[in-house]
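This report covers the fold, the chain contact and the nonpolar cores of the model shown below.

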Amino acid sequence: MFFRKKKTASKEDYFTASHRQLIWQRFKSKRTALIAGWFLITFILMGLFAPFLSPYNPTAAGRNENYTNGAPQIPQFCDDAGCSWRPFIHGVERYRGADTNFRWVTRQTEERNYLTFLPSDGWAWHVGKFNLNLPGERFDIRAPGIEFTTHLFGVQDGYIHFFGTDASGKDILSRTFHAIRVSLAVGTIGVFISFVLALVIGGISGYFGGWVDSGIQAFTDSIRVIPTIPLFMALAAFVPDGWTAEQRFFFISLILGLLGWTTLARRIRTHILAERNADYVLAAQLCGASSGHVIRRHLLPSFTSYIIVDLVISFPYMVLSETALSFIGLGLKDPVNSLGVMLQNVSKVDVLLNYQWYFIPVPIFVAIVLAFVLVGDGLRDAADPYSEVNK
Amino acid sequence: MLAVFTLTVVSFIVFSLMELVPGNCAERYIAYKNTQGNIVTQADITAEEVRMGLDRPYVIRWANWVSGVFLRGDFGESCLRRVSVSRLVGEKFMLSLTIAMSALVLTYVIAIPVGIASANLRGGLLDGGMRIVSYLGLALPNFLLALMVMLFMTVNFGETLTGLFSPQFRDAPWSWDRFVDLLKHIWLPIGILAWAATAIALQTVRALMSDEKDKLYVTAARARGVSGTRLLLRYPARHALGPVVNSIGYDLNRIFNDLPIVAIVLVLTDAGVLLFEALAISNDQQLAGAIIFMITGTIVFINFITDILLALIDPRVRRSMF
């Protein structure tokens with residue numbers, strides 16, 4: 001194996017390497033996990049740059065009234081009139097006449113509509129725009145941010161829909177990019193909240209031990225035993241109808257985080273229990289360091305890398321829970337696009353028969369979860385200090 | 001002992017959740033009457049609150065609820081439907097339980113032999129295929145699978161496969177025909193719930209077996225001339241059995257976790273859908289709380305059983321308990 005060879009070459013490096021370097025070394029030698037890692041990075045970048053990548057506004061503001069339920073438009077280089085180096089699509093028009101029984105139909109025209117790159121007259125998106133409406137005028141925080149109108153691609157005039165459009169004419173490609181962004185954001189906020197909770201609860205439990213530990217563990221076990229989705233459903237049902245999409249978004253992330261900490265807290269407790277009797281902890285305590293200081297400065301750094309691994313592993317479950325909640329209509333709702341919201345649209349037979357492009361977000365969703373699971377597994381194997389010995 | 005403690009904590013959490021819903025039962029019931037054309041006053045609401053005992057402090061109401069549940073199996077009254085929750089949920093919960101338990105059994109019937117075989121043929125074709133399946137089991141969530149199967153069947157065979165009963169049996173009393181009808185429908189939710197659970201259980205069994213099968217006692221047994229299936233089943237499999245039994249509770253938890261969503265997709269008439277209706281549509285806290293509590297109670301009970309089972313099969317556990 002690659003790593004074995006290197007070990008003999010520089011033994012010194014191996015013994016002085018930190019946890020993180022060792023994990024990274026082992027992770028690099030796993031091909032599946034590495035490929036999944038690249039996919040993951042791509043998806044994260046897609047989420048981060050969603051407004052730049054998506055040609056149209058994903059909400060109702062960016063809808064194309066003349067092309068509802070429209071099929072994907074594939075750019076082509078050639079048509080009956082010859083070929084061109086620049087990819088183009090054919091224009092569409094709404095038409096009604098005797099030959100269509102006087103019903104409105106959408107049909108293609110012969111006119112060419114060339115693709116443009118980096119057009120600067122698209123819909124406006126903002127970086128760093130921030131609006132916080134707290135009760136009371138004085139607490140409102142507003143930052144205008146910087147406005148951009150440039151996008152990766154567009155067409156000369158009209159619209160182009162790589163992934164087609166939905167029932168109200170919204171561009172599915174743009175919606176998908178934003179859905180990835182929102183789903184990842186929900187996961188990140190949820191993981192962050194559960195991480196902080198787990199750190200505090202697991203830290204206290206593991207550091208103090210004794211009856212504090214027993215009590216906290218019994219309580220944690222009681223929460224763990226309740227199936228999470230019914231609990232999520234119960235909490236999500238509290239959301240009053242009057243809430244805005246953003247409030248809903250934060251609330252859903254919050255409850256995902258508030259319920260997801262138990263497994264992580266347990267892992268942290270186990271780590272701390274194992275470490276707290278080490279000599280360096282005793283030394284710090286003898287020097288008069290407070291409990292908080294010992295946990296923060298001495299215990300946590302000793303297993304940060306393991307915590308990161310645990311966070312990656314718990315991430316797909318957050319995304320899955322959010323998707324499931326949104327799918328049954330208790331999670332995020334329409335103006336906000338998440339993968340769950342998009343999957344709501346595919347639950348009709350009509351869609352399977354006539355509008356297959358609605359299914360495009362499904363494989364993307366599966367790929368994201370799969371990428372996270374594979375990377376998480378790879379990291380876990382790499383973080384396991386005994387995995388090397390067993391081989 | 002721990003099981004009772006866990007149940008108490010769970011009941012408190014569930015009860016608090018029910019209380020957190022804005023507005024109480026009396027207000028909601030009166031508001032409902034209001035829409036029916038009756039004019040109600042604040043005095044009516046107060047009278048209704050007193051009748052329901054809502055004027056008493058939180059902890060006392062919780063104690064009442066818990067004692068009712070534990071001693072008499074009485075979950076109180078449904079907020080809107082004015083029927084005893086036990087009667088409303090009873091049969092539907094039994095259906096859910098049947099589905100979940102069958103899925104659990106199916107999971108282990110598949111996972112244990114395939115997991116053992118796959119650990120033994122590590123690196124082979126079966127092992128590779130199994131890994132792909134188990135990753136897909138994680139990444140392709142149950143509700144998506146249910147949706148795909150349903151759409152596929154509808155388009156290709158014209159049969160929707162949704163629901164648990166054919167229309168003529170939906171409200172009929174139990175009979176042999178109704179049971180047969182149930183069997184015709186119930187295999188799909190069971191299979192779908194077992195799919196994801198099997199994926200995870202397979203990984204557990206495989207990991208445990210591959211840990212055990214290279215240990216010295218197995219080598220020693222092989223040196224004594226034991227080989228093949230006999231070797232696998234007599235030595236590493238027995239060792240791996242303990243943790244597998246331990247994981248049954250978590251697997252049941254996972255199945256119950258997925259049940260409501262799958263039930264909604266497949267339009268089953270079980271407790272999962274009732275829970276969803278109670279939460280999303282009628283906002284019926286009593287009903288929702290009772291269902292969550294029943295589900296959790298089942299899991300706690302199964303955990304208790306597996307603990308006993310573990311003590312029975314593993315002398316080390318038995319000795320540490322007494």
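The model is predicted: local features need pLDDT of at least 70, side-chain atom pairs count only at pLDDT 80 or more, and totals for chains, interfaces and linings use all residues. Residues are numbered from 1 along each chain as its sequence is written, and chains are lettered from A and ligands numbered from 1 in the order in which they are written.

Chain A has 17 helices and 8 strands, taken as DSSP runs (helices H or I, at least four residues; strands E, at least two) numbered from the N terminus. Of its 391 residues, 36% are buried, meaning that 20 or more other C-beta atoms, placed from the backbone, lie within 10 Å of the residue's own. Strands S1 and S2 of chain A form a hairpin with 2 residues between them. Their pairing (at least two DSSP bridges) is antiparallel over 3 bridges, and Asp79(A) has Gly82(A) as its bridge partner.

The contact between chains (C-beta atoms within 7 Å) takes these residues:

| Chain | Residues in the contact |
|---|---|
| A | 32 residues |
| B | 37 residues |

On the side of chain A, helices H7, H8, H13, H15 and H16 each supply at least two residues.

A nonpolar core joins buried Ala, Val, Leu, Ile, Met, Phe, Trp, Tyr and Cys residues through C-beta atoms within 7 Å. The largest has 154 residues, of which Leu193(B), Val262(B) and Ile291(B) touch the most other members. A second, separate core of 7 residues includes Tyr67(A) and Ile160(A).

How values were computed:
Two residues are in contact if their C-beta atoms, placed from the backbone, lie within 7 Å. A residue is buried if 20 or more other C-beta atoms lie within 10 Å of its own, exposed if 12 or fewer, and partly exposed in between; C-beta atoms are placed from the backbone.
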